[in-house]
Amino acid sequence: MGTLKLELKGITKRFGSLIANDAIDLVVQSGEIHSLLGENGAGKSTLMNVLYGLYEPSAGQILVDDRPVTFNGPSDAMAAGIGMVHQHFMLVPVFTVAENVALGNEATGTGGILDLEQTRRKIRDISAKYGFDVDPDAVIEDLPVGVQQRVEIIKALVRDARILILDEPTAVLTPQETDELIDIMGQLKAAGTSIVFISHKLREVKAVSDRITVIRRGKVVGTAEPSASTTELASLMVGRSVSLTLDKAPARPGEETFQIRNLTVMNDAGQALVDNVTFSVAKGEIVAVAGVQGNGQTELTETVLGLRKHVHGSILLDGKELVGRSVRQVLDSGVGFVPEDRTTDGLVGSYTIAENLVLDLYGKKDFSRGFTLNRAAIAKHAAAKIDEFDVRTGSAEAPVATLSGGNQQKVVLARELSRPLKLFIASQPTRGVDVGSIEFLHKRIVAERDQGTPVLIVSTELDEVLELADRIAVLYAGRLMGVVPGDSSRDLLGLMMAGLNAEEAQAHLAGPDSARATTTEGEPA
Amino acid sequence: MSTTLAPTAPAQDRLIVRNWKVPVVFGILAAFALVVFAVLGPGGTATFRLSQDGDAWQLPNLVLPARATGIVVTVLCLALAALAYRQTQRTGRTERWLGVSFAILFVIGLMVWIIAGTNTQNITLVGLFTGAMLIVTPIVFGSLSGVLCERSGVVNIAIEGQLLAGAFTASLVASITGNALAGLVAAAVAGVAVSFLLAVFSIRYLVNQIIVGVVLNVLVAGLTGFLFEKIMKIKVEGATIYNQPPHLPNLPIPVLSEIPILGPTFFRQSILGYLMLVLVAVIWFALYRTRWGLRIRAVGEHPQAADTMGVNVNRTRFRNVLAGGAIAGIGGAYFTLVAVSSFSKDMTGGLGFIALAALIFGRWNPVGAFLAALLFGVAGNLQSVLSIAVTPVDGHFLAMLPYALTILAVSGLVGRARPPAASGVPYVKG
Amino acid sequence: MSDNRAAPEAAEAASAAPAASAGEADLTGTGTAASPGAAPGQGNRILREIMSGNALVSVLAVVVALVIGGLLIAVTDERVGAAAGYFFARPGDLFGALWASVSEAYGALVRGATYDPTARTWLGQLGIFETLTIATPLILAGLAVTIAFRAGLFNIGAQGQIILGASFSAAVGFGWNLPPVLHLLAVILAGAVGGAIWGGIAGVLKARTGAHEVIVTIMLNYIAINLIGYLLKSPLKDPNSSNPVSPALHDSAVFPLLLGPNFRLHAGFLLAVLAVIAVAWLLNRSTLGFELRAIGANPSAARTAGMVVSRGYIIVMLIAGALSGLAGVAQVAGTEKSLDAEVAGSIGFDAITVALLGRSTPWGTFFAALLFGAFKAGGTSMAVNANVSIDIVLVVQSLIVLFIAAPPLIRAIFRLKSASSRGAAA
């Protein structure tokens, strides 16, 4: 089993008008761990799906050991010695480990009868070699996520993968499982397997990599050695793009009317998604929750709205408890809510713009008489809001799905801001929105603040956070890393988003970088 | 290498999810048994005749005193319910054998109660089972068609249509050729034709699979009805000639056919009866022990995973739906080549939907579907056997049993009926 | 994992694309266009609907289905077979025979369903009223399927709901003695309640346990079939009859005939029209309908907007059941005047095809039911006058629905452009 050199030359991948990868060059030397670092949406997964034969590149070339190859599907990539562990595991939940490993590559006796014993033996061999501790006859859905990931790695190794792509492998792992994975990667490398490690977590990348390539907005923006400072990597990853300046008067925070106290939210399996979080938002202030996608922000806002089960702790609005209330009750108590994904949670695509503008207001007496909708009032409301929020459309009766992303978002915001609020929550208020609309939406959010409403923003875009926030709360793995002023530095926020609490991050920035980094990282936060 | 890179997470308390449905259902049924079988049980006896005249070995009749049996059954049911309660308390779930034992016990109690309460008070078990096979056979073929389709991810509501198409074509072709086997082959082809439409519309055109199934049933009913009027009623010299199929003869297997009860039930059948038994075994084996089966199950559970491992999802589905059609078509031939002597309109009479029920109640497993079909067949036949007698419970309620049990199964009240995860979901690559 | 919101990067990129309606109700693959109510600009909307190709696809689907049905009629016609025997000698004969058989059959169908000047009695001439009579339960049961569709549920259980409704209304109709108008109202109410119970079971199971409504409603159909078998064996059986039928309903309990004793058309038809208006109002003008449609089109957005999805499922299945129950009333208290085991006939399944052809809008369902009612009424006359079995109607009906459900197929046959590009051009 020799090692393999992999080279990507000028890989471009377009989805319609969207360029996910823009002329990316990447060389993975044989036997190295090469990290691909970048924020969510930077184009890392797209690039790897191209490499694994799932997407066809719009332009560019893949070379394996200096020979150009084309992959028509995953089988071709596997045949060329490339294995991939997807972020969302490709495992059949009701199958055993052995069955999953065998699938597509089955050892059979006469008449196609499965010889799972052979597969079991291979699994045991690999398990023994790398200390995996995987039972070939365990059923996948009964296994912890970390073990499932090892099964994915075994799947690749059984097929003699010499280059292993790990796509955000730590995103779903507990810290302990992450440590174990890092050990495994070291062993694989020692055994001659090259690894492409995709991550946005600086500390992990620094800990495992031989070399680091940083991607931002579909382009390679630089390469770095793992000895580079965390600050350096963070600024490469997040970028220092000139942000749109927003005319924003200083906040005049009033009373802290919205308070989250010791909030813990668990999933059905009993794992904490939001872990003992406490903070508050004052009237006339914008608090932005920053963090990498999937660190509990979504669950936090859903919990406030009353969409989550297994909630412990307290959420107070004007002294009234929101935990245990229905969504309707929460909305009626004066909460405006802009969900993170407008197409699945914010809008009914086949409904007209006018209908979507009253999606959570249709029952109010302004828009209905008894059981009858007041069509005239709804139309009047729509005309006013379309005008006020500058929604670009021919007709209020057009299905909302026909609007551009920015105009759809204006519809959601217009609806949620069209009644007196005691709290305004907006998740990813400008995701997938054109630049012109971003400015407009930001102004509206600030205007709501200036009316004295407490505003809670969730955003994974650091630019947006810095632009809007009066204070910034950073979440990492469901835990609050601290609440810092709105004018905090990107470096500080980057470190906190990577799992350092506010004091640690500040100390880190103050002192000499690399030496202290390892010691700080070793301590529990 | 740093091993404590990330901060340690606080200990997470895991919730034990307890499913109380099983003990609750057991408790209710046990209470029912207590009141109906034991306290209010009829005073007489239930006689089960185990042999028919002319059997090589004559077994004595089994005579059970009704109330005593009821009391025994009730006590055991209560014990099992208590056990289920304890298991749930401890582990959150109950073991499989509990449900099976409970079901068998309850059915025994029910049958003794019914038979002891009727005016005849005795029943021939052999007759009950052999009669049941007339229903069981097409149900099993239909269920196997469903197994193949749904295991690969295509919902097959069109089983009824496949059976009907098979019945019609078998009769027509066997009449024309004078050869029952030719009819059998033609029935398979007809089933494949129905399946082809199901596959094209649901896989190629991504039409909702349930709609296609429902509509195909109507289409086949209309088509066979129309052609029945047009062709099968043509008379030559005063006799219809296109609806007089030769029969598939019964082929008793020596020795085996003399086993009490089992012999007459399973080993005095036509070739179709044996084919059914073979298919149940072969499909079960193929599904769980071969490469073919592994891939099919993967496609039905997680098509994307199968795809990334190089399995062609839609081709697998297409082939399986066609194979299912062939099997259901052959099952349809049973109606006209074995059960009765000619085709009549809508002669499948909803058995295709009982096949669907058996498939679900049998948890999408060929053997499970076979056992469910046996249960449903016996219930159905008991109903017709008792239809003239005065019984404590009307036969129509027995006939509801398959459907009621299936509703309980899909509601998760009895067992856990979990369909293949991707069943009914079209696969679009990318 | 529980974090079902975590989207891969590709999905993120794709979310910029216009939102497709995510509802299960989108069964025909074409999106349920809002039905033309009295909303502002409704004329525009109707026009757009016709021009957008969806309506065109419906019409073409009917045409293709009729053509295939015609071919079937032709090839099984003896004269055609005879002419084919000497095709090479006189090819014209074959086509003549083909045309004769098809035109004869469809001619009889159309005349039977509408107006037949050749019929001996003026009763037989006006088949249109028989069409309306047959359409009555189809309209009501079709609405039951339609309204459930719009809330994202596939109600295959109209048959069972009809049986329950019919049984309840029959029991009240011959079992109770009430003054005339009151008695009929009680019969109607009883039918609605009976159907609502049956539909409600499926709704509650869906909402509480997640049991798939398709399986549950199919099974409930067969339970209902056995239940009516039992009811007609003793509790509801006419003691003076040897057949399993109920006693005739009291005169005070039946719908008045609209056109005198010579036609079967009864006031149940007016009830059906009222139901169409009511369902149209409910879906398009009421707060409840707003909620139900939102749940059907995008349950997670509905939930985020404060609607309770499980409650919506229960309510809509109660309403759907009640509508099917009314179809049962129309049969028992209108057309048949007594209860028998065949009361639901094929209405339950016809209702599904009616709702699909009507694109799950109330008025679409109404007209689709009229069309299928005409097929049934005309089919009888076709069977008598052209010796073509009425079963051909089932064939045509199911083909129509298959083609409507697969617009790409119809577009491929007629080489049409896709609906979206047509819409843009219009």
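Visitor: What makes a residue of this chain count as buried, and what percentage of the 525 residues in chain A are buried?

Guide: A residue is called buried if 20 or more other C-beta atoms, placed from the backbone, lie within 10 Å of its own, exposed if 12 or fewer do, and partly exposed in between; by that rule, buried residues make up 55% of the 525 residues in chain A. This is a predicted model, in which local features need pLDDT of at least 70 and side-chain atom pairs count only at pLDDT 80 or more, while totals for chains, interfaces and linings use all residues. Residues are numbered from 1 along each chain as its sequence is written, and chains are lettered from A and ligands numbered from 1 in the order in which they are written.

Visitor: How do you know whether the radius of gyration of chain A agrees with that of a compact globule?

Guide: The radius is taken over C-alpha atoms, and the globule rule is 2.2 Å times the number of residues to the power 0.38. For 525 residues a compact globule would have a radius near 24 Å, and because chain A has 25 Å, the two agree. The C-alpha atoms fill a box of roughly 75 × 60 × 45 Å along the principal axes.

Visitor: Why are β16 and β22 of chain A said to stand at the edges of the sheet?

Guide: Strands (E, at least two residues) and helices (H or I, at least four) are DSSP runs numbered from the N terminus, and two strands pair if DSSP finds at least two bridges between them. The open sheet of six strands in chain A has the order β16-β19-β20-β13-β21-β22, with mixed pairing. Here β16 (335-338) and β22 (479-485) each have a single partner strand, so one side of each is left without a neighbour in the sheet.

Visitor: What makes β16(A) and β19 of chain A a pair?

Guide: Four bridges join β16(A) to β19 (residues 423-427) of chain A, and these strands run parallel, with A:Val335 standing opposite A:Leu423 in β19(A).
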